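Please keep the sequence and the model in view while reading.

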Amino acid sequence: MTAQPPPPPPGSLRINLQGNRMITMITPSVQVNGYPVPAHFGPTLVPMPPGVHTVSAHAQWMWRYGQASQQVQLAPGQTVDVCYAAPVLTFMGGAMGFTRQKVPGLVPFVALMALLLAVVIGLPLFAILATS
């Protein structure tokens with residue numbers, strides 16, 4: 001009877017949730033291979049066996065939004081970075097990849113806020129100037 005070889009050393013997923021609780025107020029949910037993983041803003045190290053894994057994330061407010069997923073090939077002893085950025089607007093998808101992601105929906109949100117500010121300031125100012 002021969003002894004079985006030792007199992008390969010585990011690898012790690014470093015899941016980086018971009019953003020912070022002060023701005024987004026909602027911590028995204030993360031799943032690896034369909035199972036929930038506790039995560040927080042910033043990096044979270046998750047030990048995993050070598051192989052192919054699917055990392056997915058979403059945010060939940062009144063409905064589920066910002067879904068994104070990424071397949072990861074993990075070698076023995078390897079650490080792989082996965083970054084997730086939740087969208088600014090709830091009707092958009094999130095962004096996930098191996099490097100830091102751009103926040104989806106930031107440009108439309110800034111444009112919407114600028115338009116709203118122009119209306120709130122512009123209409124009363126127009127009314128004042130029109131009556132003088």
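Is P38 buried or exposed? The model is a predicted one, and in it P38 has a relative accessible area of 71%. The cut-off for an exposed residue is over 50%, so P38 counts as exposed. This proline belongs to the loop that runs between β3, residues 35-37, and β4. Its C-alpha atom lies 33 Å from that of M113, a residue 75 positions away along the chain.

Four strands make up an open sheet with mixed pairing, and their order across it is β4-β1-β7-β8. The edges are taken by β4 (42-48) and β8 (95-97); each has a single partner strand, so one side of each lacks a neighbour in the sheet. From one strand to the next the twist averages 20°.

Within the sheet, β1 covers residues 11-17 and β7 covers residues 79-85. These two strands run parallel and are joined by 6 bridges. Two positions show how they line up: S12 stands opposite T79 in β7, and I15 stands opposite V82 in β7. In a regular strand, side chains alternate between the two faces of the sheet.

Strand β7 also pairs with β8, and here the direction is antiparallel, with 3 bridges between the two strands. Y84 takes part in this pairing, with M96 in β8 as its bridge partner. How enclosed is β7, and why? Of its 7 residues, 5 are buried, so the strand is largely enclosed by the rest of the structure.

The structure holds 1 aromatic pair.

The view can now widen to the whole chain. It contains 2 helices and 8 strands. Read from the N terminus, the elements follow the order β-α-β-β-β-β-β-β-β-α. Along the principal axes, the C-alpha atoms fill a box of roughly 100 × 25 × 20 Å.

Of the 132 residues in the chain, 33% are buried. The chain exposes about 8800 Å², and carbon and sulfur atoms supply 69% of that area. Among contacts between residues at least 6 apart in sequence, 49% join residues at least 24 apart. The parallel pairing of β1, residues 11-17, with β7, residues 79-85, is one place in the model where separate parts of the sequence are brought together.

Notes. Residues numbered from 1 in each chain as written. Predicted model: local features only at pLDDT ≥ 70, side-chain atom pairs only at ≥ 80, totals over all residues. Heavy atoms only, no water. Buried < 20%, exposed > 50% of the residue type's maximum accessible area, 1.4 Å probe, protein only. Contact = heavy atoms within 4.5 Å. Areas by Shrake-Rupley, 256 points an atom, 1.4 Å probe, with all protein chains shown as cover. Phe/Tyr/Trp six-rings, centres within 6.5 Å; stacked < 30°, edge-to-face > 60°. Pairing = 2+ DSSP bridges. Axes fitted to C-alpha atoms, helices over the stretch in contact; angles between N-to-C directions.
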